[in-house]
Amino acid sequence: MNTSTLSPQTDPTMKIGWSEKLGYAAGDMASCLYFGIFMNFLAIFYTDVFGIAPAALGTMLLFVRTWDWINDPIMGAIADRTETKMGKFRPWILWMIVPYMVFGVLTFTTVDWSPTMKLVYAYFTYTTLMMIYTAINVPYGALMGVMTAKSEERTVLAAYRFVGANAGIFAVTLMLPYLVKVIGRGDVRFGYSGAMVIIALLAGGLFFFTFKTCHERVRQVEQKQESFREELKQLARNGPWLMVIAISVLTVMGQAIRATTTLHYFKYNVGNEAWGTSLLLYNSVMAVIAVLLSKSICSLIGCKRRAYVILNLLFAALLVWFYFIPVTSFPLMLANQLLIALVAAPMMPLFWSMIADTADYGAVKFGHRSTGVIFSAGTASQKIGWTVGPAVALMFLGGAGYVANAEQTPATLNILRLEMSLIPAVFAVLTAIVTCFYKIDRKMELELEAAISQQTAAAKA
């Protein structure tokens, strides 16, 4: 049997339709309705609403987030070993929808218990929610690797994914404060619980849309199921995968250092925190536009590797420019930020498309496909970057003598300026250098695409 006799739901070489692209985008919007809350509202909810001391909260977040990225490859291995009529990854999206909604509400529900029992409740609900988040998000991410064997189509899917992601963060940042106010009517605790019911239902509906519209097409006949240890050995020999993981950690660390101190910079260096909020809003809008250009950028430059190198060098140059912009010039800072979003936002779609290519590389080279483990490691690498990057930024800030809500010393103001510009610029240059060692170019992409199509046809024969 050849691929021409396969149905649209099983042909790995077919062009993905609009409904399926939108369905895939809906999955990351569902994820980021929660991630946006974790990023912007979790800390203030736990300290000012739930009533956990900052030191205790810091310990809890460190514990949960460390387990969170360790848990990702485990979930990837479980998903790879799942065999159902629905596929390997789609069923997990369906199975986890209800737990995802329920624990989303429970996590943001305040209980009137003793301080110790409240902390136990917070540990239990937040840890469980993050495990459920992993159990639905890792298979969702890996799904892209089996929806199509065409590298260009994966780039398009990754772009749609990050349109959904940015839309989810933007929507929940606007929605949550409004819903808390309207539903709570002065009772912030009740407001958070009620708001999360609405957001959880929306997220669940979006994930169900992903499940219904997306299909798994890339399949492979294997002689035996490899052990998890053997999979790890194969990954250690998958050179492109090792490079792309290093690329991910460096990319996210640089961006996270800047993101961590953006509002601090505008509050203390510029003296206008509202400018920083406006800048983030404009950045979100431009990011949506920029990720849609990912495929065009890649096509214009020639291949993903070259595109990623050039984008990082442009990113570094723009960050160096920011260092010299006067703090009184918001128009120049806005123009700089829009250009930064234009070159930085496409990096994530390109990264996930490159991850999918490394899964193909492993399948062709070793005769075994570890899509779930490979994608979960990609997710874990980003979580490591988002954990280490802010820690580095705050360590530098603390070392410079930062004091909250006080006039800052020249040393503190200088480190804030550096963290907005030259320090992330160094990470961008390092990322570009490491990317040069990633060996999957356009020629190899086409070779892998052909090999995977032949494997899938053989699996259906």
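Tutor: We will go from the whole chain to single residues, and keep in mind that this is a predicted model.

Student: Fine. How many helices and strands does the chain have?

Tutor: The secondary structure comes to 18 helices and zero strands.

Student: And how much of the chain counts as buried?

Tutor: Of its 461 residues, 56% count as buried. As for contacts between residues at least 6 apart in sequence, 82% join residues at least 24 apart.

Student: Aromatic rings next. How many aromatic pairs are there?

Tutor: A search of the whole structure finds 27 aromatic pairs. One of them is Tyr34 with Phe38, an edge-to-face pair at 6.4 Å centre to centre, with 65° between the planes.

Student: Why is that pair edge-to-face rather than stacked?

Tutor: The angle between the planes is 65°, and planes over 60 degrees apart count as edge-to-face, while stacked needs under 30.

Student: How far apart are Tyr34 and Phe38 in helix H1?

Tutor: They are four residues apart in H1, which runs over residues 18–40, so about one helical turn separates them.

Student: Which helices hold Tyr46 and Tyr126?

Tutor: Tyr46 is in helix H2 (residues 42–50) and Tyr126 is in helix H5 (residues 115–147). The two are 80 residues apart, so this pair links distant parts of the chain. Tyr46 is buried at 0% relative accessibility, and Tyr126 is buried at 2%.

Student: What does Thr125 touch?

Tutor: Leaving out residues up to four places away in sequence, Thr125 touches Tyr46, Phe103, Leu106 and Thr107. Thr125 is in helix H5, and its relative accessible area of 1% makes it buried.

Student: It's a threonine, though. What does the side chain of Thr125 reach?

Tutor: The backbone oxygen of Ala122, at 3.4 Å.

Student: Back to rings. Which residue lies over the face of Phe211?

Tutor: Arg90 does, at 4.4 Å from the ring centre. In another case, Lys118 lies over the face of Phe50, at 5.2 Å from the ring centre.

Student: Now helix H7. How does its span compare with what it should be?

Tutor: Helix H7 covers residues 188–213, which is 26 residues. At 1.5 Å a residue it should span 38 Å, and its end C-alpha atoms are 37 Å apart, so the two values agree.

Student: What happens at the start of H7?

Tutor: A side-chain oxygen of Asp187 comes to within 3.2 Å of the backbone nitrogen of Arg189.

Student: And where is Arg185?

Tutor: In the loop between helix H6 (151–184) and H7. Arg185 is exposed, with a relative accessible area of 76%. Its phi is near 50°, a positive value in a residue other than glycine.

Student: What about Arg217, is it buried or exposed?

Tutor: Arg217 counts as buried, at 2% relative accessibility. Its place is in the loop between H7 and helix H8 (228–236).

Student: What does the side chain of Arg217 reach?

Tutor: It reaches the backbone oxygen of Met147 at 2.9 Å.

Student: Change of topic. How many disulfides are there?

Tutor: The structure holds zero disulfides. It does have cysteines, including Cys303, which is buried with a relative accessible area of 2%, and Cys436, which is partly exposed at 49%.

Student: Last one. Where is Gln255, and what does it touch?

Tutor: Gln255 is found in helix H9 (residues 239–270). Not counting residues up to four places away in sequence, it touches Phe315, Ala344 and Met347.

Student: How far is Gln255 from Trp386?

Tutor: They are 131 residues apart along the chain, yet their C-alpha atoms are separated by 8.7 Å.

Terms used
Residues numbered from 1 in each chain as written. Predicted model: local features only at pLDDT ≥ 70, side-chain atom pairs only at ≥ 80, totals over all residues. Heavy atoms only, no water. Phe/Tyr/Trp six-rings, centres within 6.5 Å; stacked < 30°, edge-to-face > 60°. Buried < 20%, exposed > 50% of the residue type's maximum accessible area, 1.4 Å probe, protein only. Lys NZ or Arg CZ within 6 Å of the ring centre and 35° of its normal. Expected span 1.5 Å × (residues − 1). Polar contact = N/O pair within 3.5 Å; in protein donor to acceptor, adjacent residues only side chain to side chain. Disulfide = S-S within 2.5 Å. Contact = heavy atoms within 4.5 Å.
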